[in-house]
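Visitor: I would like to learn to read a fold. Please walk me through one.

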Amino acid sequence: MIPLLNLYKERWQVESEQIIKPGLAAIESALTILGHPEKQLNVVHFAGTNGKGSTLSFVEGIARAHGLSVGKFMSPCVVDVHDQIQIDGKPISTDQMDRMFQHLAEAGLSGKLTDFELLTVVAFLYFADQKPDLVLIEAGMGGREDSTNVVIPIVSVVPSIALEHTKFLGDTLTSIARHKAGIFKENRPAVIGDMIGNVKDVFVQEAKAKNVALYCYGQHFTVTKTNGSELYENTVYEVKFGNLQRQLLGAHQGHNMSLAITAFMEVAKKFQLELDESKIQIGIKNAVLAGRFEQVLPNIYFDGAHNPASIQSLVSTIKEHFPKKRIEFLVGLLADKDVQSILKLLEEVGDAFYFADIQNERAMKASVIFELSQAENKYIINDPVKILTEPVKGDTVRIVT
């Protein structure tokens, strides 16, 4: 359930289903009725398992530093439905959301879409109405049959592939990659992250079939550490950008940053912009994303890692930035995640674990997680807010994930 979405559905008597239905027929029909607002947008499309939101945020930072206004549609929400649809960092307002839902109601779309399809249509309508220069669209699940895959982007971006949503996407990396590669469009360039051989082959084959110019991390562009900052190099464009410094921590974010710079080169061509190294530096430094190793209080961090691949990145970031600190984890998990693998990874660096129940019908009980955990110091807590508001001593870092 998307928080506050039902408020608008009930107010405007627009019904939609709270289920996942892969396929584009329903949303294509709805967009035809609405006059295809998605065709009015200059889009960068993102799919992949981990890194979509971070890469998108780097592109946003760089674009805004170059003077472009930027809309973005991301999921899931952090607080409620409004923060999934933003322009220049400002969420869609209640009045604007009402206007979009009124449009849907008058178009007779009640009962014809799922919740995510409905919200995707709202985003397209809003951006077509407000006309930001650039629109960044994050796929919800997969890519090929995701409701966002009706756009014809300037460039498509896939940061990573890992096992996820296996019920819908298949239980191998190559089957998942085939879904993600489905966002590639005829004669439009694409950027992919560091992929293992057989997974990379899926993207190469898709690119050949669609005449896509494919830019691959490690082959066409790289990022390396230099004197406390980072250096981006691209052998295709024969450019280098140095002194890059990020707020988004972790080596994996350097990788995501390099994808964003590469994607923005295609955006710059579209808008006939001259790339400015100083503006790229500013854009990278300004890029932030809630819930990505985000410091919310002194020595307290939130991180949205939720599968083994993203948990491994979290663990690596902890090892890099807090090698001598006492690490405490406050953990809640959904039952359909690879819980045992996640716990095993966290236990590599965790000194104490606090397990909490979370308000979600898919959640695993804290008592069950407690029994699965092999940690020596582990506890079940009824009030997560209490532990989050207690001061954390200087030698301890508390991480909520």
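This is a predicted model: local features need pLDDT of at least 70, side-chain atom pairs count only at pLDDT 80 or more; totals for chains, interfaces and linings use all residues.

Guide: Residues are numbered from 1 along each chain as its sequence is written, and side-chain values use heavy atoms, without hydrogens and water.

Visitor: What is the strand order of the open sheet?

Guide: Strands of a sheet pair through backbone hydrogen bonds, parallel or antiparallel. Here 8 strands run in the order β4-β3-β2-β5-β1-β6-β7-β8, with mixed pairing. Strands (E, at least two residues) and helices (H or I, at least four) are DSSP runs, numbered from the N terminus. Pairing needs at least two DSSP bridges. β4 (90-91) and β8 (214-216) each have a single partner strand, so one side of each lacks a neighbour in the sheet.

Visitor: In which sense do β2 and β3 pair?

Guide: Antiparallel, over 3 bridges, between residues 70-73 and residues 85-87. G71 stands opposite I87 in β3.

Visitor: Is L297 buried, partly exposed or exposed?

Guide: Buried means under 20% relative accessible area, exposed over 50%, partly exposed in between (1.4 Å probe, protein chains only). L297 has 39% relative accessibility, so L297 counts as partly exposed. The residue lies in strand β12 (residues 294-297).

Visitor: And S54, buried or exposed?

Guide: S54 counts as buried because its relative accessibility is 3%. S54 belongs to helix α3 (residues 52-65).

Visitor: Which residues does S54 touch?

Guide: Contact means heavy atoms within 4.5 Å. Not counting residues up to four places away in sequence, S54 touches L248, Q253, N256, L289 and R292.
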